[in-house]
Amino acid sequence: MPAEVLVMCSACGRPQTAARRRCAFCNAELPEAPLPPRSREALESPAPLPGVTPLVLDLGNRRALAVNDRQLSFQGRPGGGPTLDVPWARVRRLEWRTRPYFESLGLLAFTALGLFWAPTQAVRIMAFMAGVIGLGLAALYRHHGLTLELDDGTRMQWPLGMALKGSAREARLTAARDTLAAAGRMRGVPLAGSGA
């Protein structure tokens, strides 16, 4: 529980809580309370590192990745949730992974079932189309993920989401990767990449 800050009323000299604007005894306006040294430091934003532009990337569905000069932040639970903050001092290695959307290939199972066991031609056509859609999604969408290796050997995996090849969202993810690489270089933290 934080300690209560008191100020002295300049009119009557009685101590008052700094939360009040006026003295409880004489109704005079109270002076502003001085901030503790730590609070003052928290309010002052440090000068950004050259070449590292602070970036907050909206990943959709109320998920976000933030890169700044002090820490990495990720809000990764779909629909919101707590933000994970990792200070740069704890990060030993980063890996940005990009891969095709393999999960959509599960639609090929419907194609196999439809082609071999479908009772009607219409069902066979729908099964074939499901396979085509699955292959198309795997070819057009890419899944992005970030893995952080911390100083204690812990590996954190942050799923950044999917993006259509060549879309504005993929451009934002690429900008985030470039900013992350620049911020990592400043601290001697390598960013490895894999995938297309």
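Visitor: What are the helix and strand percentages over residues 100-117, and how far apart are the end C-alpha atoms?

Guide: Helices (H or I, at least four residues) and strands (E, at least two) are DSSP runs, numbered from the N terminus. In this predicted model, local features need pLDDT of at least 70, side-chain atom pairs count only at pLDDT 80 or more, and totals for chains, interfaces and linings use all residues. Residues are numbered from 1 along each chain as its sequence is written, and side-chain values use heavy atoms, without hydrogens and water. Residues 100-117 are 61% helix and 6% strand, with end C-alpha atoms 29 Å apart. For residues 123-141 the values are 95% helix, 5% strand and 27 Å.

Visitor: Which residues does UniProt list as "transmembrane region"?

Guide: The unreviewed entry lists residues 100-117 and 123-141; positions follow the numbering used here, feature names are shortened, and annotations may be inferred rather than shown by experiment.

Visitor: How many aromatic pairs does a search of the whole structure find?

Guide: A pair of aromatic rings is described by the distance of the centres and the angle of the planes. Rings of Phe, Tyr and Trp (its six-membered ring) pair if their centres lie within 6.5 Å; planes under 30 degrees apart are stacked, over 60 edge-to-face, the rest tilted. The search finds two pairs. Phe74 and Trp158 are stacked, at 5.0 Å centre to centre and 15 degrees between the planes. Phe74 belongs to strand S5 (residues 71-75) and Trp158 to strand S9 (residues 155-164), so this pair ties together parts 84 residues apart in sequence.

Visitor: Is Phe74 buried or exposed?

Guide: Buried means under 20% relative accessible area, exposed over 50%, and partly exposed in between (1.4 Å probe, protein chains only). Phe74 is buried at 3% relative accessibility, and Trp158 is buried at 2%. The ring centres of Phe116 and Trp117 are 6.2 Å apart with planes at 65 degrees, so that pair is edge-to-face. Phe116 and Trp117 are exposed.
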